Amino acid sequence: MTVINLYSLGHFLQWFFIGRFLLRSWYISLVLSVGWKFLEFLIPYEFTRETALNKCGDVLVNCMDFLLARS
């Protein structure tokens with residue numbers, strides 16, 4: 001696994017849309033993003049199994065996409 005993977009593209013599209021049309025607050029998007037990553041520890045499916053570095057990369061991508069959509 002790498003820091004950025006195929007799921008990162010999905011994260012990009014998702015958080016760009018959220019930032020563009022749904023949320024105005026960067027802090028709420030950060031809390032939702034980090035909260036989802038913690039929730040993934042409890043979900044018993046294979047797609048949630050990632051390295052800690054990949055999870056951090058996903059949060060970083062989410063934040064950058066949200067800020068890009070807001071600019």
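A pocket, on a 1 Å grid over the protein atoms alone, is an open set of points with protein on both sides within 12 Å along at least five of seven lines, and its lining residues have an atom within 4 Å of a point. In this predicted model, the largest pocket is lined by Y7, H11, Q14, W15, L32, S33, W36, E40, F47, E50 and N62. Two elements, α1 (6-22) and α2 (26-40), each give two or more residues to that lining. The space in the largest pocket comes to about 180 Å³, and its lining divides by class into 5 nonpolar, 4 polar and 2 charged residues.

| Helix pair | Angle | Axis separation |
|---|---|---|
| α2 and α3 (residues 52-70) | about 155 degrees | 10 Å |
| α1 and α3 | about 35 degrees | 8 Å |

Because angles over 145 degrees count as roughly antiparallel, α2 and α3 are roughly antiparallel to each other. Their crossing is right-handed. On the α2 side, the residues that meet α3 are W26, S29, L30, S33, V34, K37 and E40, while α3 contributes K55, D58, V59, N62, C63, F66 and L67. Sorted by class, this contact of α2 with α3 has 7 nonpolar, 3 polar and 4 charged residues.

The crossing of α1 and α3 is right-handed. In this contact, S8, H11, F12, W15, F16, I18, G19 and R20 come from α1, and D58, V61, N62, D65, F66, L68, A69 and R70 come from α3. The classes represented in the contact of α1 with α3 are 8 nonpolar, 4 polar and 4 charged residues.

Some residues of these contacts also belong to the pocket: H11 and W15, which take part in the contact of α1 with α3, are among the lining residues, and S33 and E40, which meet α3 from α2, are among them as well.

Definitions and conventions. Residues numbered from 1 in each chain as written. Predicted model: local features only at pLDDT ≥ 70, side-chain atom pairs only at ≥ 80, totals over all residues. Heavy atoms only, no water. 1 Å grid on protein atoms, 1.4 Å probe; cavity = no way out; pocket = protein on both sides within 12 Å on 5 of 7 lines; lining within 4 Å. Points joined across faces, edges and corners; volume = space filled by probe spheres on them. Helix = DSSP H or I, 4+ residues; strand = E, 2+ residues; numbered from the N terminus. Nonpolar A, V, L, I, M, F, W, Y, C, P; charged D, E, K, R; others polar. Axes fitted to C-alpha atoms, helices over the stretch in contact; angles between N-to-C directions. Parallel < 35°, antiparallel > 145°, perpendicular 65-115°, else oblique. Left-handed = near helix turned anticlockwise from the far one by under 90°. Contact = heavy atoms within 4.5 Å.
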